[in-house]
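Here's a quick tour for anyone meeting this structure for the first time. Have a look at it, then read on.

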Amino acid sequence: MAISPKILKKFKLSVDGKGYLGIADEITLPKVTVKTREVTSGFQAPIELDVGQLEKLEGSITLLEYNNDVMKLMGGWGGKATTMTARGAIQAQGKDPEPVVVTLEGFFKEMDMGNWKDGEEAKLTMQYAVQRYKLEINGESIYDIDLHNDTRVINGVDQMAALRAALGE
């Protein structure tokens, strides 16, 4: 029997608890990249080592309208993080759908009101900076990254725990 890929069939977005079903057009999730250092000394080819950091976590959301409530959340100086939750359903052919839940905390750092064209949606694309990223697929926690608390839990293991312990935290 051929294996079919799991396809994202639906998704909905909420920002600070307010839903945007039918308004949220697209979300670009943060790319998780481990920061590395290349070491060549004594090796026949370079090797990369995890230096205990991640590249910055960021992404974007596109709405099909200029939304006053979301636009007012611009910037991170208020002290309170904005919480965004994206819920989707992925499904392989002939299988039951599986829930995917992404929870992001951070702030909007850019609002792009795009181009105006008569008769088309007034799209709003927002860039966001992430301080906490949690990804769950079918009830299983895949990533739980909290930059303020220096945790990087992947597959149930906090990869930063030993470093925090070495620093007396």
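The accessible surface of the protein chain is about 11300 Å², with 51% of that belonging to carbon and sulfur atoms (Shrake-Rupley method, 1.4 Å probe). Keep in mind that this is a predicted model: local features need pLDDT of at least 70, side-chain atom pairs count only at pLDDT 80 or more, and totals for chains, interfaces and linings use all residues. Residues are numbered from 1 along each chain as its sequence is written, and side-chain values use heavy atoms, with hydrogens and water left out.

**The overall picture**
- You'll find two helices and 12 strands in the protein chain (DSSP runs: H or I of at least four residues for helices, E of at least two for strands, numbered from the N terminus).
- Along the sequence, they come in the pattern β-β-β-β-β-β-α-β-β-β-β-β-β-α.
- Of the chain's 169 residues, 27% count as buried (under 20% relative accessible area, 1.4 Å probe, protein chains only).

**Around Thr85**
- Thr85 sits in strand β7, which covers residues 82-91.
- Thr85 counts as buried because its relative accessibility is 15%.
- Beyond its neighbours within four places in sequence, Thr85 is in contact (heavy atoms within 4.5 Å) with Lys12, Leu13, Ser14, Val101, Val102 and Thr103.

**Strands β10, β11 and β12**
- β10 (residues 140-146) and β11 (residues 151-154) pair in the antiparallel sense over four bridges; pairing takes at least two DSSP bridges between two strands.
- β11 also pairs in the antiparallel sense with β12 (residues 157-158), over two bridges.
- Val153 of β11 is the bridge partner of Asp144, and Val153 also stands opposite Asp158 in β12.

Methods
Buried means under 20% relative accessible area, exposed over 50%, partly exposed in between (1.4 Å probe, protein chains only).
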